[in-house]
Amino acid sequence: MAGTDHTHTPMTGQGPAVILVAPQLGENIGMVARAMLNCGLTELRLVRPRDGWPSEKAEAAASGASAVIAGVQLFDTTEAAIADLQRVYATTARPRGMVKPVVTPARAAAELRAAAADGQKTGLLFGPERSGLVNDDIALADAALTVPLNPAFSSLNLAQAVLLVGHAWFMAADETEPRRLESGIGQPASKEELVNFFTRLETALDETGFLFPPEKRPNMVRNLRNLFHRIAPTEAEVNTLHGIISALRKGRDS
């Protein structure tokens, strides 16, 4: 989905570092950078990238997330990549029999934000594309992070995994309204404008005999008014409705 708004200030902050252990393809690293920036994450660390670094393929695949690529840090070992961190989560599709807490992305996100608020530096470990993290890497983490998916097919590519976990971190502090009416530049109609419209509509309906029999008219009118209140029309939409009434009355009178 395209949707970048260049009028907004790029998000940066105390997000977890994303650590890719032995990533194989530059293209995958670039797509990870893009997924990270989608979620406001900017710190990318690479441990022994197979095809070396820097990578033109990674830069191309980042598709605008060049700031993440430019800030990449390189390490020879996983231990060195996480040395300055206080809390680390290892992403894995299976705990592999270790005695270790296993959390969902949502739980990990809440704990990551709490740790950051306490001044701790945090990180997320992701393994190579084909095999994932080895047991020795998982053993370095405070907890294993597993994404709940279809158990019959839970395989994710590297960028997908980073996006799912990063999005959970982002959503843990997101305050976007779960539902809103997008009215563009139009303003909601005032109650006065709505009442004027109701009066014209009801007059036209009386003329056509629609609001009949008389004893049912009050309830029919209330239902119509409630209908238009639920729609919450804008000023422009109310003007359009007035035009419809005028056109219908003109057609009837001709």
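Reader: What's the average pLDDT of the protein?

Author: This is a predicted model. The protein averages a pLDDT of 90. A score of at least 70 is reached by 93% of the residues.

Reader: And where does pLDDT stay under 50?

Author: Over residues 6-12. The model has four contacts beyond four places in sequence for that stretch. Where pLDDT is low, the predicted coordinates should not be read in detail.

Reader: Fine. On to helices. At what angle do α5 and α7 pack?

Author: About 55°, with the axes 8 Å apart. α5 covers residues 105-117 and α7 covers residues 158-171. The two are therefore oblique to each other. Their crossing is right-handed.

Reader: Which residues make that contact?

Author: From α5, Pro105, Ala106, Ala109, Leu112 and Arg113. From α7, Val165, Ala168, Trp169 and Phe170. By class, that contact has eight nonpolar residues, one charged and no polar.

Reader: Now α1 against α7. Roughly what angle do their axes cross at?

Author: Roughly 15°, and the axes come within 8 Å. Helix α1 is residues 26-38. With an angle under 35 degrees counting as roughly parallel, α1 and α7 are therefore roughly parallel to each other. α1 passes α7 in a right-handed crossing.

Reader: Who is touching whom there?

Author: α1 brings Asn28, Met31, Val32, Ala35, Met36 and Asn38. α7 answers with Leu158, Ala159, Val162 and Leu163. The contact of α1 with α7 has eight nonpolar and two polar residues, and no charged ones.

Reader: What about α8 and α9, how far apart are the axes?

Author: 11 Å, at an angle of about 135°. So α8 and α9 are oblique to each other. The crossing of this pair is right-handed.

Reader: Which residues of α8 and α9 meet?

Author: In α8, Lys191, Leu194, Phe197, Phe198, Leu201, Glu202, Leu205 and Asp206. In α9, Arg217, Val221, Leu224, Arg225, Phe228 and His229. By class, the contact of α8 with α9 has eight nonpolar, one polar and five charged residues.

Reader: Switching to charges. How many salt bridges does the structure hold?

Author: Nine. Asp84 and Lys121 meet in a salt bridge through their side chains, at 2.7 Å, N to O. The pair links distant parts of the chain, 37 residues apart.

Reader: Where do Asp84 and Lys121 sit?

Author: Both are in loops. Asp84 is in the loop between α4 (78-81) and β4 (87-91). Lys121 is in the loop between α5 and β6 (122-126).

Reader: Backbone next. Which residues does a cis peptide bond join?

Author: Trp53 and Pro54, with omega about 5°. Pro54 is in the loop between β2 (44-47) and α2 (56-61). A cis peptide bond also joins Phe212 and Pro213, again with omega about 5°. Pro213 is placed in the loop between α8 (191-208) and α9 (217-231).

Reader: And is phi of Ala22 positive or negative?

Author: Positive, near 50°, in a residue other than glycine. Ala22 lies in the loop between β1 (17-21) and α1. Ala232 has a positive phi too, near 55°. Ala232 is found in the loop between α9 and α10 (235-253).

Definitions and conventions. Residues numbered from 1 in each chain as written. Predicted model: local features only at pLDDT ≥ 70, side-chain atom pairs only at ≥ 80, totals over all residues. Heavy atoms only, no water. Axes fitted to C-alpha atoms, helices over the stretch in contact; angles between N-to-C directions. Helix = DSSP H or I, 4+ residues; strand = E, 2+ residues; numbered from the N terminus. Parallel < 35°, antiparallel > 145°, perpendicular 65-115°, else oblique. Left-handed = near helix turned anticlockwise from the far one by under 90°. Contact = heavy atoms within 4.5 Å. Nonpolar A, V, L, I, M, F, W, Y, C, P; charged D, E, K, R; others polar. pLDDT = per-residue confidence, 0-100. Salt bridge = Lys/Arg side-chain N within 4 Å of Asp/Glu carboxyl O.
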